[in-house]
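Please work through the following exercises with the sequence and the model at hand. Each task is followed by a solution in steps.

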Amino acid sequence: KQLSKMAQKLKIEPKIELLVSHLVQRGVELVHYDRAPAVYTRGPDVLDLDKAGSKQPQPFDYYLVVDFECTCTKEPVVYNHEIIEFPIVVVCSKTNQIVDTFSSYVRPVVNPVLSDFCKELTGISQKQVDSAPVLADVLDNIDRWLREKKYLSDNTSICFAADCPSDMQDFFWTQSILKQKVVPEDKYPYYQNWCDVGMLFKKVFNTPRTHSLKHMLLLLKMDFEGRAHSGVDDAKNIAKVLMYIIDYGGVAEANDGFKKRYFGVLSFQTTSCKTSGKRKSSFVKEIIDIALTVVDESSGKLIDTFQTYSCPQHQKKLTGHCKETLQVTQDQISSSPTLQQSFTNMTNWLTSNGYEGSEAFTIVSSCSDIQELIWDASNNSKSAFDPSSFPYLKRWVNLQKAFLLSKGGSASTSKLPSITKMLMAFKSDPIGRATTAKDVSFNAARVLNYLLRFGSVHEGSYEEVDQKK
């Protein structure tokens, strides 16, 4: 009855499956915004499963299929996900059968208390993680287990496998090894490369995009077995897809590996006044609110965030309009460092976390903020701000251009879409306030997340500083 009433209100056909599909999509958007593309873009592909080739020899003796469960919250925020369940399902490539399993709960350290949402989603209790070893000890146990079982020896070869980049790239490497420094990066070299089963599926069946685990199973006419978001059950279902691909004639190569490539989505808010006319035209805008959201280039995941205020030099006293709009106090801004020091602090933070100075770190901004608010303004500022001392500010991605080019449009148009309109194109709504740098950076990073999940950032969206201007 409730569904029928809602259908009438929305003026759509009261087909239950359509309405439920809509509600599920909105629920996924609100709870797992970074997984939303997996819902919105998985079209009804049809596979010709009769065109199987002859079975090929595989490059590895054993595939160690993993699917991590991690700490999480219901709120869509940048969150430090810690592994709390580490399962391994072993597939022997010669027999193409599951021959062994390993599973261990892991005690989180940064956020040791599980949220109610996390416990309900994963089925993991607080007691189970409290009595579990920390990740460093689990990795030692796994190494010992692999050697005892002879999976790791001079005569055998292994390759980890997962259904998408998130597990190995984000949850294992970026969150656990790089940020938390659980163990040295070179201690267990066999984690460096892995088989992305989703990418392998796309290549073997020539689909236009990668697919979620459930959709891969659906296309292969297979049922999901077990409990969703149980690490072991998810890993077993991923193994089913991998074994089907091997039987179909696919070759499960190590098609992915850990990459230190990041985008930093940068946003500013400036001083402002409400007056008009001559006084407003002479008003000098100065950056006082800075935020940056780090996005992993490989997976599109939002993995970290930085925010700071900066004290203006021209007009130190904020207008009432400015304080009300940005929701800041005079004391907050007056006690903040200069713009030069604020960027120095941000650079130190980027370096200490391994983002700046990695294989690639690229700033992402909307419109012409970096050119106008940093480079052009530095020529007329009393703040002695020198943007040239921060090399990553010399070249950046224009988010609006990247969006237009991803849609097959032209980046030369003068009508660049707002962040809200870009999110709406992905059936999403902005979160937070449009007048705080942190929320703007966060929403812009969500747009970038969608673009990376669909493909990559077009080369035509890159801009460089115009020093002549």
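The model is predicted, so local features need pLDDT of at least 70 and side-chain atom pairs pLDDT 80 or more, while totals for chains, interfaces and linings use all residues. Residues are numbered from 1 along each chain as its sequence is written, and side-chain values use heavy atoms, without hydrogens and water.

**Exercise 1.** Determine the strand order of the open sheet of six strands and its edge strands.

Step 1. Strands are DSSP runs of E with at least two residues, and helices are runs of H or I with at least four, numbered from the N terminus. Two strands pair if DSSP finds at least two bridges between them.

Step 2. The order reads S10-S9-S8-S11-S12-S13, with mixed pairing. At the edges, S10 (302-309) and S13 (462-464) each pair on one side only.

Step 3. Strands S11 (360-365) and S12 (395-398) pair in the parallel sense over three bridges; Ile363 stands opposite Trp396 in S12.

**Exercise 2.** Locate helix H18 (437-454) relative to the strands.

Helix H18 lies across S8, S9, S10 and S11, at about 25 degrees to S9. Angles run from 0 to 180 degrees between N-to-C directions of axes fitted to C-alpha atoms, for helices over the stretch in contact (heavy atoms within 4.5 Å).

**Exercise 3.** Is Thr436 buried or exposed?

Step 1. Thr436 is in the loop between H17 (419-425) and H18.

Step 2. Its relative accessible area is 14%. Buried means under 20%, exposed over 50% and partly exposed in between (1.4 Å probe, protein chains only). Thr436 is therefore buried.

Step 3. Beyond neighbours within four places in sequence, Thr436 contacts Gln269, Asp289 and Leu326.
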